[in-house]
Amino acid sequence: MGLKSNVMEFVLLGFTQDPDGQKALFVMFLLIYIVTMVGNLLVMVTVIGSPSLDSPTYIFLAYLSLMDALYSSAISSKMIIDLLYHKKTISFPACMDQLFTDHLFGGAEVFLLVVMAYDHYVAISKPLHYLSIMNRQVCIPLLVVA
């Protein structure tokens, strides 16, 4: 006989039980989320739209902004929505999905930061050979691995 869990959903208590406090937190977190999304979108559009920002450093920066936008969406979307509703629950599969996406995008950001550190190391230690070392054939696999 194996152990079985009867947990079907989790109750999220949140920061406060006061409805006015929840509305204030909703507005605050929504504004922070919007500013984060707009900032990351501006970085991506600037890097992609400007031909002078075609170096690997800026390409990595654009992908870091993309990962940050995805990570912020995975983390804060449920919290922002729950601040509006009276019943604050999450099912076990939805909780596991959110946990998986949090770890996926968080890990991707860490690996991308490692790739960016390597890019900066090459730029500082071998500045004259930087463009031959960090070419598209090297950058694309590094982004895919991250």
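These legends describe close-up views of a predicted model.

**View 1. Helix H1 from end to end.**
Helix H1 covers residues 19-49, 31 residues in total. At 1.5 Å a residue, a helix of this length should span 45 Å.

**View 2. The buried residues of H1.**
Eight positions can be picked out by name: Gly21, Gln22, Leu25, Phe26, Phe29, Asn40, Met44 and Val47 are buried in H1. Helix H2, residues 56-82, is part of what covers them. An α-helix has 3.6 residues a turn, so residues three or four places apart point the same way. Among the buried residues of H1 are Gln22 and Phe26, as well as Asn40 and Met44.

**View 3. A nonpolar patch on the surface.**
Ile34, Val38 and Leu42 make up this patch. Together they have about 260 Å² of accessible area. Val38 belongs to helix H1. Its relative accessible area is 44%, so Val38 is classed as partly exposed.

**View 4. Ser72 and its contacts.**
Ser72 sits in helix H2. Its relative accessibility is 15%; because buried means under 20%, Ser72 counts as buried. Leaving aside residues up to four places away in sequence, Ser72 touches Tyr33, Thr36, Met37 and Ser77. Gly106 is 34 residues from Ser72 along the chain. The C-alpha atoms of Ser72 and Gly106 are separated by 9.6 Å.

**View 5. The salt bridge between Arg136 and Asp54.**
The structure holds two salt bridges, and one of them pairs Arg136 with Asp54. The closest N and O atoms of this pair are 2.9 Å apart.

**View 6. The salt bridge between Asp82 and Lys78.**
This pair lies within helix H2. Asp82 and Lys78 are four residues apart, which means that about one helical turn separates them. Their closest N and O atoms are 3.3 Å apart. Lys78 is partly exposed, at 22% relative accessibility.

A disulfide is a covalent bond between the sulfur atoms of two cysteines. How many disulfides does the structure hold? The count is zero. Cys95 has 23% relative accessibility and so counts as partly exposed. Cys139 has 5% relative accessibility and so counts as buried.

Conventions:
Residues are numbered from 1 along each chain as its sequence is written. This is a predicted model: local features need pLDDT of at least 70, side-chain atom pairs count only at pLDDT 80 or more; totals for chains, interfaces and linings use all residues. Side-chain values use heavy atoms; hydrogens and water are left out. Helices (H or I, at least four residues) and strands (E, at least two) are DSSP runs, numbered from the N terminus. The expected span of a helix is 1.5 Å times one less than its number of residues. Buried means under 20% relative accessible area, exposed over 50%, partly exposed in between (1.4 Å probe, protein chains only). Contact means heavy atoms within 4.5 Å. A disulfide is a pair of cysteine sulfur atoms within 2.5 Å. Patches are made of residues with over 30% relative accessible area and no salt bridge: like charges are joined within 9 Å, nonpolar side chains (Val, Leu, Ile, Met, Phe, Trp, Tyr) within 5 Å. Accessible areas come from the Shrake-Rupley method with a 1.4 Å probe; for residues, only the protein chains shown count as cover. A salt bridge is a side-chain nitrogen of Lys or Arg within 4 Å of a carboxyl oxygen of Asp or Glu.
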